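Reader: Hi! I have a model open and would like to talk it through with you. Could you help me find my way around?

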Amino acid sequence: MRAICLASAVVLGAGALTSCVPAADAAIQTDFGFSVEPSTVRAGGDVTLRVVRNAACQGEAAVNSPVFDLVTIPPRESWATATVDWDAKPGAVYDVEFECDKSSGTARLTIAGGHPTHHPTHHPTHHPHKGAHAGEGGTIAGFDLKEIGLGAALIAGSLGVAYHFARRRTDEDAG
């Protein structure tokens with residue numbers, strides 16, 4: 001009987017954990033890493049497009065989106081910049097497609113409301129030869145504290161319910 005209760009608690013906990021991942025933010029698995037930074041930008045703003053070089057991405061990388069011109073990242077470089085079109089719709093979310101060798105993947109770019117206060121006139125084309133961007137260094141960049149709190153509350157609640165049902169005794173067990 002204990003095994004059934006324990007199995008139920010495990011299934012309930014696993015279900016709660018998997019339901020906490022928003023579908024729009026779920027990572028799309030590819031053979032190479034890529035990112036758009038920042039993931040939210042105003043119309044007319046610049047974004048940095050990064051690829052992680054590995055065995056699946058050694059050649060030229062092409063990055064395409066409806067809100068900026070096609071960008072190519074040369075084989076020995078890991079990033080490039082793009083300027084978002086001025087007519088990009090505020091609040092819209094656009095796909096940014098990365099293609100490298102025979103692999104591809106898609107990231108999301110959100111357009112913030114309003115327009116930047118300046119119009120950039122110089123777009124650097126120099127791309128320094130540096131190592132791959134290794135992540136955010138343990139920061140909570142990109143996380144929404146309300147979503148984290150809601151997820152923690154759901155997990156805590158499901159664990160509490162699982163504990164209650166696992167510890168609850170029926171008349172047969174008590175007597």
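Reader: Let me start with a residue I clicked on: what does Arg-53 touch, not counting residues up to four places away in sequence?
Author: Arg-53 touches Gln-58, Gly-59, Ala-61, Ile-73, Pro-74, Pro-75, Glu-77, Ser-78 and Cys-100. A contact here means heavy atoms within 4.5 Å. Bear in mind that this is a predicted model, where local features need pLDDT of at least 70 and side-chain atom pairs count only at pLDDT 80 or more, while totals for chains, interfaces and linings use all residues. Residues are numbered from 1 along each chain as its sequence is written, and side-chain values use heavy atoms, with hydrogens and water left out.

Reader: Where does Arg-53 lie?
Author: Arg-53 lies in the loop between strand 3 and strand 4. Strands (E, at least two residues) are DSSP runs, numbered from the N terminus.

Reader: Is Arg-53 buried, partly exposed or exposed?
Author: Arg-53 has a relative accessible area of 24%, so it is partly exposed. Buried means under 20% relative accessible area and exposed over 50%, with partly exposed in between (1.4 Å probe, protein chains only).

Reader: And how far apart are Arg-53 and Glu-77 in space?
Author: They are 8.4 Å apart, C-alpha to C-alpha, and 24 residues apart in sequence.

Reader: Cys-100 was in that contact list. Which residue does Cys-100 form a disulfide with?
Author: With Cys-57, and their sulfur atoms are 2.1 Å apart. A disulfide is a pair of cysteine sulfur atoms within 2.5 Å, and by this rule the count comes to one. Cys-57 is in the loop between strand 3 (46-51) and strand 4 (61-65), and Cys-100 is in strand 7 (residues 93-100), so to say 43 residues apart, in distant parts of the chain.

Reader: Why is the disulfide right-handed?
Author: Because the torsion about the S-S bond of Cys-57 and Cys-100 is about 95 degrees.

Reader: Are the two cysteines buried or exposed?
Author: Cys-57 and Cys-100 are both buried.

Reader: On to the sheets. In what order do the five strands of the open sheet come?
Author: The order is 2-8-7-4-5, with mixed pairing. Two strands pair if DSSP finds at least two bridges between them. At the edges are strand 2 (40-42) and strand 5 (68-73), each pairing on one side only.

Reader: How many bridges are there between strand 7 and strand 8?
Author: Eight, with strand 7 and strand 8 (residues 103-112) pairing in the antiparallel sense.

Reader: Which residues touch the most other members of the largest nonpolar core?
Author: Val-47, Leu-49, Phe-68, Phe-98 and Leu-109, out of 27 residues. A nonpolar core is a set of buried Ala, Val, Leu, Ile, Met, Phe, Trp, Tyr and Cys residues joined through side-chain atoms within 4.5 Å. Strand 7 gives the most to this core, with four residues. Leaving aside neighbours within four places in sequence, the contacts of Phe-68 include Val-47, Leu-49, Val-63, Val-96 and Leu-109.

Reader: Last one: what pLDDT does the chain average?
Author: The chain averages 74, and 61% of the residues score at least 70. pLDDT is the predictor's confidence in each residue, from 0 to 100. Over residues 21-28 the pLDDT is below 50, and this stretch has five contacts in the model beyond near neighbours in sequence. Residues 116-130 are also below 50, with 20 such contacts. Where pLDDT is low, the predicted coordinates should not be read in detail.
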